[in-house]
Amino acid sequence: REQKSILSLLFAPIGWGLKLMWTIWTYSLSWIPGLTLSRIRTTRHLKSKAEQSQGFLKAFRQEFGNQAQFFEGTYQQAVQKSKQELQHLLVYLHSQEHPDTVEFCTETLSNKEFVDYLQEHRVLLWGGDIKDVEPFQVSNELKASGYPFLCLLIPDGSRLRIGYKFDGLHPRQQILDVLERVLSKGDQLLNKTRAERQERQQARSIREQQDAAYQASLLADKEKKRKQEEERQKLLQEQERLKALENEEENKRKAKIERKEALARNLEQEPTTGDICKISIRLPSGERLIRKFRADDAVSKLYDFVESKDLSPLDLMAEIVIVNTYPRKEIPRETRFKDCGLYPNASVVVDAED
């Protein structure tokens, strides 16, 4: 294994040269009409990044088993998950033609100790075959210089920074030792980032609670003002209603006074000839009046005479009735004096209508 590591170091410059030649060659071919990189790379590159990722995982598991817990998705999705959940991201770039690939996949990626270590430290593992478009782009982005290639990416604010790169074959324990050292420092950064994120979330939560409380306060104030305005309107309406009733009552009293005054002004002279009724009238105050009427007159003239007088202590607006003293019986307005027992003499009492 040490001999292979030395050979990897010796052949690394050759790999870099080949990779540079491949890049120059494909770039040159892209200028030839009708001949593009996508056509050079055959039908593999007609697939979407997600399909290519699933194809790599399927081929890897068929050859090396299911021990390695790869992230199911594209590189960009893995990056997004790493940023969102603050997880370290370990990127593996697979080169099927490289002689060390099988050993690395068997002895490291699929090794239980290695798999358990990544899970214990919540390290997200993403892999791809550099024959596919996205992994090839990732190899350029991360400046891979040898295969098998591993790169540890550490969340740092809104970006991922390179924590360590493994170009070529390395002993599993050496990789674990390096990961332990780098992750220890990376965890400090993650803890700081988590604390800052938690602080921002708490601040945002406090602001949201304050905003909610403020909005609730505004709604409460608005509801309070609405109820106050509603009560004010009800009070105004009630005051207007009472004022209207008061005005109506006042108008009625004025009309009643005017009617009494009109009745007093328009009283006929007592008759002196013909059939005459002499009526003794006891007012509510106890005062007695004597008044003469023609026997053929309607009793309504007796009511008009009485209503022209001061009927205290009865209320001005009280409706009155005139009744016989014995037997007590109301005398209708429409009858004539001689038809209701008031001719030639009678005593009546003025009372309030029930």
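**Close-up views of a predicted model**

**View 1. The largest nonpolar core of this predicted model has 28 residues.** The residues with the most contacts inside this core are Phe60, Phe70, Leu90, Tyr92 and Leu179. Several elements give two or more residues to it: helices H3 (49–64), H5 (101–109), H6 and H8, together with strands S1 (89–94) and S3 (149–156). H8 gives the most, with seven residues.

**View 2. A second, separate core has 22 residues.** Look for Val299, Phe305, Ile320 and Cys340, which are among them.

**View 3. Helices H6 and H8 meet, and here is how they line up.** Two packed helices are described by the angle between their axes and the distance between the axes. For H6 and H8 (residues 172–265), the axes come within 11 Å and cross at roughly 10°. That makes H6 roughly parallel to H8. On the H6 side you can find Glu113, Phe114, Tyr117 and Leu118. Their partners in H8 are Arg172, Gln173, Ile175, Leu176, Leu179, Glu180 and Leu183.

**View 4. Val115 sits in helix H6, which covers residues 112–120.** Is Val115 buried or exposed? Its relative accessible area is 10%, under the 20% cut-off, so Val115 counts as buried. Setting aside neighbours within four places in sequence, Val115 is in contact with Gln67, Ala68, Gln69, Leu109 and Ser110. Phe70 lies 45 residues away from Val115 along the chain, and the C-alpha atoms of the two are separated by 9.9 Å.

Technical notes
Residues numbered from 1 in each chain as written. Predicted model: local features only at pLDDT ≥ 70, side-chain atom pairs only at ≥ 80, totals over all residues. Heavy atoms only, no water. Helix = DSSP H or I, 4+ residues; strand = E, 2+ residues; numbered from the N terminus. Buried < 20%, exposed > 50% of the residue type's maximum accessible area, 1.4 Å probe, protein only. Contact = heavy atoms within 4.5 Å. Axes fitted to C-alpha atoms, helices over the stretch in contact; angles between N-to-C directions. Parallel < 35°, antiparallel > 145°, perpendicular 65-115°, else oblique. Core = buried A, V, L, I, M, F, W, Y, C linked by side-chain atoms within 4.5 Å.
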